[in-house]
Amino acid sequence: MMRLAIQLAREAILVGEVPVGAVVARGNRVIAQAHNLRETLNDPTAHAERLALTWAGRALETWRLDGYTLFVTLEPCAMCAGAIVQSRIDRVVYGAADPKAGACQSLYRLVTDLRMNHRAQVTSGILAQESSELLTQFFQARRSSP
């Protein structure tokens, strides 16, 4: 599933989006997938994981995603961590840590905070180098463009 998320991140680059991909799955069954669409939709909330959660809810006809796992190439931010908690997703698996905005382990620990009404298991570092390299290359290319 992380390989699929990385492929989605690569697709994001092709449309000028920050390369983040996300997949909601149960076992080997993909329920929803997305990449960032903030630039495309002019929507500050159009992060890959938030979109994947929304589309999973629509596909399943419920907002309760207990029993499902979210795979994402970059550690979710506070907004997405909030959506994870609200969706009741069981597990979050991410690649690259985000020390500036990560809200699963790096900067905050929202999805495992005992004060929240729901908590998700977190697995980090899966294909982290590949996920991180996509982001590094994207931003290096953006900085070197006129």
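User: How many salt bridges does the structure hold?
Analyst: The structure holds three salt bridges. A salt bridge here is a side-chain nitrogen of Lys or Arg within 4 Å of a carboxyl oxygen of Asp or Glu. This is a predicted model, where local features need pLDDT of at least 70, side-chain atom pairs count only at pLDDT 80 or more, and totals for chains, interfaces and linings use all residues. Residues are numbered from 1 along each chain as its sequence is written, and side-chain values use heavy atoms, leaving out hydrogens and water.

User: Which residue does R3 pair with?
Analyst: R3 meets E130 at 2.9 Å, N to O. R3 sits in helix α1 (residues 2-14) and E130 in helix α5 (residues 128-144), 127 residues apart. Helices (H or I, at least four residues) and strands (E, at least two) are DSSP runs, numbered from the N terminus.

User: And what is the N to O distance between E130 and R10?
Analyst: That salt bridge is 2.8 Å, N to O. E130 is in helix α5 and R10 in helix α1, so this pair ties together parts 120 residues apart in sequence.

User: Is D113 buried or exposed?
Analyst: D113 is buried, at 16% relative accessible area, while R115 is exposed at 75%. Buried means under 20% relative accessible area, exposed over 50%, and partly exposed in between (1.4 Å probe, protein chains only).

User: Which residues are joined into one network?
Analyst: R3, R10 and E130, through salt bridges that share partners. R3 is exposed at 53%, whereas E130 is partly exposed at 24%.
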